[in-house]
Amino acid sequence: MCAPVAWAQDVARIAFVNTDRLLREAAPAKAAQAKLEQEFSKREKEIDDASQALKNASDRFERESLTLSDGQRQARQRQLVDQDRELQRKRREFQEDLNARKQEELQQILDRANRIVRQLAEAEKYDAIFQEAVYINPRLDITDKVIKALNGGNGGK
């Protein structure tokens, strides 16, 4: 009957970090989002303008189609299809580039956060710190400490 006593004396010290919250609330994450918006805003506007131009051309074609010859109508339809295809290609490339850059930025933040978590684990003698869990008691959540460290600039560099 001594096993429960031995176990009680050797209880593991655990904690939890909410990565989603960290990536929403930490200053470096907000700065990265603003940086990405600035970096991609020009391309996004170009795509929006091209989309509006295609819509206008399509509307004009609808209005004028009855007065066009068959050859003119087919040529304009081909032109609209080509414009649409080009727009879809640009949208796809934009989204792929944006996603890749977002992953780069988030990975840098996660790397810093993981260094901070390791420092906290060593300094506060944690045996395990989890980033995913089905349920976690709020008293075990150290996300605020990690966000504070990230915001304070002592991000484990």
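Analyst: R21 counts as buried, at 17% relative accessibility (buried means under 20% relative accessible area, with a 1.4 Å probe and protein chains only). The model is predicted, so local features need pLDDT of at least 70 and side-chain atom pairs pLDDT 80 or more, while totals for chains, interfaces and linings use all residues. Residues are numbered from 1 along each chain as its sequence is written, and side-chain values use heavy atoms, without hydrogens and water.

R21 belongs to helix 2 (residues 19–25); helices are DSSP runs of H or I with at least four residues, numbered from the N terminus. Beyond neighbours within four places in sequence, R21 contacts A26, D141, T143, D144 and I147 (heavy atoms within 4.5 Å).

Elsewhere, the axes of helix 3 and helix 4 come within 10 Å and cross at roughly 170 degrees, the axes being lines fitted to C-alpha atoms over the stretch in contact, with angles from 0 to 180 degrees between N-to-C directions. Helix 3 is therefore roughly antiparallel to helix 4 (over 145 degrees). Their contact has 15 nonpolar, four polar and 17 charged residues, with Asp, Glu, Lys and Arg counted as charged, Ala, Val, Leu, Ile, Met, Phe, Trp, Tyr, Cys and Pro as nonpolar, and the others as polar.

One aromatic pair is found in the whole structure (ring centres within 6.5 Å). F40 and F94 form this pair edge-to-face, 5.7 Å centre to centre with 80 degrees between the planes (over 60 degrees). The pair joins F40 in helix 3 (residues 27–64) to F94 in helix 4 (residues 70–123), 54 residues apart. F40 is buried at 6% relative accessible area, and F94 is buried at 8%.

Notes:
Rings of Phe, Tyr and Trp (its six-membered ring) pair if their centres lie within 6.5 Å; planes under 30 degrees apart count as stacked, over 60 as edge-to-face and the rest as tilted. Helices (H or I, at least four residues) and strands (E, at least two) are DSSP runs, numbered from the N terminus. Buried means under 20% relative accessible area, exposed over 50%, partly exposed in between (1.4 Å probe, protein chains only). Angles under 35 degrees count as roughly parallel, over 145 as roughly antiparallel, 65 to 115 as roughly perpendicular and the rest as oblique.
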